[in-house]
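Please look over the sequence and the structure shown here before reading on. The report below takes up the overall build, the confidence of the model, and two local features.

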Amino acid sequence: LLFLGLGLAFGATQNAHASCLQKGGDKGALKEAEFHPENNDTIPLLYWLEGVSTCYNRVPMPAGYEVIEAHIENHPSRGTVSQIDKNVFKYTKNSGHLGMDHYSVRVCAKKRFGTTGCTLIRYNMNSIMGKQGQMERPV
């Protein structure tokens with residue numbers, strides 16, 4: 001099963017087709033079993049911003065884990081990111097930017113039975129828009 005909290009993203013839409021969609025990590029769709037902060041690893045996530053400039057990214061946290069700390073480790077170069085809650089980050093692309101941008105969040109969590117660790121989540125934000133405001137979907 002896909003971890004539903006992983007794909008939770010809200011976009012400030014400009015039309016009915018605008019969206020901020022999570023497309024899975026470099027390994028494809030990230031499954032709950034693949035995300036374990038005690039492994040102290042790095043997880044890439046890919047989002048498509050279609051006709052929106054802002055995306056809210058919630059830190060994916062499987063059942064049985066509690067976020068101890070989450071903070072921005074690397075800021076994007078073609079936009080801004082701010083932490084708006086313990087586990088929610090707001091990405092806003094620069095005006096007119098189309099293409100890739102990246103930022104990273106370090107998440108430290110505690111497992112139910114006391115094991116702790118930190119994972120680096122790399123958010124890859126791809127802004128795309130077609131001609132005359134029509135969205136282009138990647139092939």
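## Overall build

Of the 139 residues in the protein chain, 44% count as buried. The model is a predicted one. The protein chain exposes about 7600 Å², and carbon and sulfur atoms supply 51% of that area.

The secondary structure of the protein chain comes to nine strands and zero helices. Read along the sequence, the pattern is β-β-β-β-β-β-β-β-β. Among the contacts in the protein chain with a separation of 6 or more, 67% are accounted for by residues 24 or more positions apart.

## Confidence along the chain

The average pLDDT of the protein chain is 75, and 71% of the residues score at least 70. Confidence is highest in strand 6 (residues 79–85), with a mean of 95. It is lowest in strand 1 (residues 9–11), where the mean is 36.

Two stretches call for caution. Over residues 1–17, pLDDT stays under 50; the model has 42 contacts beyond four places in sequence for this stretch. Over residues 130–139, pLDDT also stays under 50, and here the model has 18 such contacts. Where pLDDT is low, the predicted coordinates should not be read in detail.

## The disulfide

How many disulfides does a search of the whole structure find? The search finds one. This disulfide joins C108 to C118, with an S to S distance of 2.0 Å. The pair links distant parts of the chain, ten residues apart: C108 lies in strand 8 (residues 99–111), and C118 lies in strand 9 (residues 116–128).

The link of C108 and C118 is right-handed, with 100° about the S-S bond. Is C108 buried or exposed? C108 counts as buried because its relative accessibility is 12%, and the cut-off for buried is under 20%.

## E38 and its surroundings

E38 is placed in the loop between strand 2 (19–24) and strand 3 (42–50). Which residues does E38 contact, leaving aside its neighbours within four places in sequence? They are Y65, K111, T115, T116 and G117.

With one of these residues, Y65, there is also a polar contact. The side chain of E38 makes this polar contact with the side chain of Y65, at 3.0 Å.

Notes. Residues are numbered from 1 along each chain as its sequence is written. This is a predicted model: local features need pLDDT of at least 70, side-chain atom pairs count only at pLDDT 80 or more; totals for chains, interfaces and linings use all residues. Side-chain values use heavy atoms; hydrogens and water are left out. pLDDT is the predictor's confidence in each residue, from 0 to 100. Helices (H or I, at least four residues) and strands (E, at least two) are DSSP runs, numbered from the N terminus. Contact means heavy atoms within 4.5 Å. A disulfide is a pair of cysteine sulfur atoms within 2.5 Å. Buried means under 20% relative accessible area, exposed over 50%, partly exposed in between (1.4 Å probe, protein chains only). A polar contact is a pair of N or O atoms within 3.5 Å; within protein, one must be able to donate a hydrogen and the other to accept it, and residues adjacent in sequence count only if both atoms are side-chain atoms. Accessible areas come from the Shrake-Rupley method with a 1.4 Å probe; for residues, only the protein chains shown count as cover.
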